[in-house]
Each structure stands twice: as structure tokens, then as C-alpha cells.
Amino acid sequence: GPDHPSTLTTRGSLANWHGRAGDAAGAAAAYGELLVDVRRVFGPDHQNTLSARNNLAAWRGEAGDVVGAMSAHEELLADVLRVLGPDQWLTLAVRERLAIWRGRVGDAAGAAAAYEELVVDRLRVFGPDHPDTLVARALLADWRGLAGDAAGAASAYDELLADALRVLGPDHPYTPIFSAKRARWRAAAARPGP
């Protein structure tokens with residue numbers, strides 16, 4: 001039936017496909033409808049409900065409502081901390097989204113500071129070689145660069161690329177991305193300042 005968990009999961013997958021196909025507003029609308037049903041079936045504190053709220057807020061932000069997404073993620077963070085604790089993957093994912101929104105509203109230094117804390121926690125929870133830890137380090141480097149420290153971003157990518165080659169190998173999709181970003185920040189650092 002419509003409330004069966006597998007039906008709800010399918011609806012969530014369809015909503016995500018909407019977003020990935022470029023229709024972020026459609027994905028947000030679909031998640032808005034889905035959240036009502038998920039909350040009714042599982043209750044407000046179930047991980048499925050919290051996850052649906054995360055997806056709804058994320059697609060709202062991608063559809064252009066960054067301020068609304070930011071406040072939705074701030075409310076969600078309080079709930080995931082209370083229900084799941086600080087080290088659960090969803091809690092870390094919500095904190096990452098908040099860091100991204102800070103950067104998107106123009107606070108690159110705030111985004112970098114949030115990523116700095118996130119990297120510490122990802123290192124502790126997942127270890128240094130986990131792909132999520134490497135990605136968090138990459139985003140920390142990017143926000144540092146965007147906050148004005150291109151040389152710091154370039155040197156962070158030097159270390160990150162060495163670790164990615166060791167851990168993931170040259171054929172992993174992340175490795176060439178890290179390499180290209182290192183080159184971009186090196187070029188930015190070499191340009192004379194304003």
C-alpha cells in the first residue's frame with residue numbers, strides 16, 4: 001500500500017532522481033509530500049523521518065532557497081544530535097550541509113571554520129583514509145581558498161593528493177578531481193594579489 005516502507009523508499013528514490021536530473025524544485029516538492037507520510041508512518045524521531053527532512057532541506061537549498069534550507073538544517077541538527085548523537089553519519093551530513101550553506105550565503109571563512117571542525121570529527125569517527133574524510137579535507141581546502149588563502153588551499157591539496165594516491169589509487173574518480181583543484185589553487189596562489 002501507499003504507506004508500505006518499500007513504497008516510501010521508492011518515492012524517496014524518485015524524488016532524488018528528480019533533483020539529479022536538474023529539477024531541484026520538483027525534488028523539494030516531492031520530499032515535502034513524502035515527509036508528511038514518512039512522519040505519520042515512522043514518527044518524528046525515526047531515522048527515516050530525519051533523513052527525509054535532511055533531503056527536503058538540501059533540495060530546497062539547491063532550488064535556490066538557501067536561507068530556508070539553512071534554518072531547516074539548523075532545526076534538524078538539534079534533533080539529530082538529540083536522537084542520534086554527534087558521531088552518527090546523518091549528524092555529520094547535516095553539519096556538512098550547514099557548512100555549505102554558510103559558504104553559499106557569502107561566509108567563506110565561516111564555512112572553512114565549520115569544515116575544520118567537521119574534518120576533526122570525520123577523522124575520529126571514520127579514520128584518515130575514509131573517502132568521506134578525504135572529501136571533507138578537500139572542501140575545507142576549497143573554502144580556505146575562497147576565504148582568501150589560496151596558498152593554504154594549494155598546500156592542503158598537495159597533502160590530500162598524496163593521500164588520495166596512496167589510499168584510493170590513480171584510477172579512483174576523486175584523484176583527478178583533487179589533482180585539478182590543486183592545480184587551480186596553485187595558479188590562484190601564483191597570481192599577484194589585489
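**Salt bridges in a predicted model**

The side chains of D37 and R40 meet in a salt bridge, with N and O 2.9 Å apart. This model is predicted. It holds 21 salt bridges.

- D37 and R40 both belong to helix α2, which covers residues 24-42.
- They sit 3 residues apart, about one turn of the helix.
- D37 has a relative accessible area of 18%. Buried means under 20%, so D37 counts as buried.

**The network around this pair**
- D37 and R40 also take part in a network of salt bridges with D3 and R11.

**A pair joining a helix and a loop**
- R82 forms a salt bridge with D45, and their closest N and O atoms are 3.1 Å apart.
- R82 lies in helix α4 (residues 66-84), while D45 lies in the loop between α2 and α3.
- The two residues are 37 apart in sequence, so the pair ties together separate parts.
- R82 is exposed, at 52% relative accessible area.
- D45 is partly exposed, at 35%.

**A pair joining two helices**
- R122 and E96 form a salt bridge, with 3.0 Å between the closest N and O atoms.
- R122 is in helix α6 (residues 108-126), and E96 is in helix α5 (residues 89-104).
- This pair links distant parts of the chain, 26 residues apart.
- R122 is buried, with a relative accessible area of 5%.
- E96 is buried too, with a value of 14%.

Key
Residues are numbered from 1 along each chain as its sequence is written. This is a predicted model: local features need pLDDT of at least 70, side-chain atom pairs count only at pLDDT 80 or more; totals for chains, interfaces and linings use all residues. Side-chain values use heavy atoms; hydrogens and water are left out. A salt bridge is a side-chain nitrogen of Lys or Arg within 4 Å of a carboxyl oxygen of Asp or Glu. Helices (H or I, at least four residues) and strands (E, at least two) are DSSP runs, numbered from the N terminus. Buried means under 20% relative accessible area, exposed over 50%, partly exposed in between (1.4 Å probe, protein chains only).
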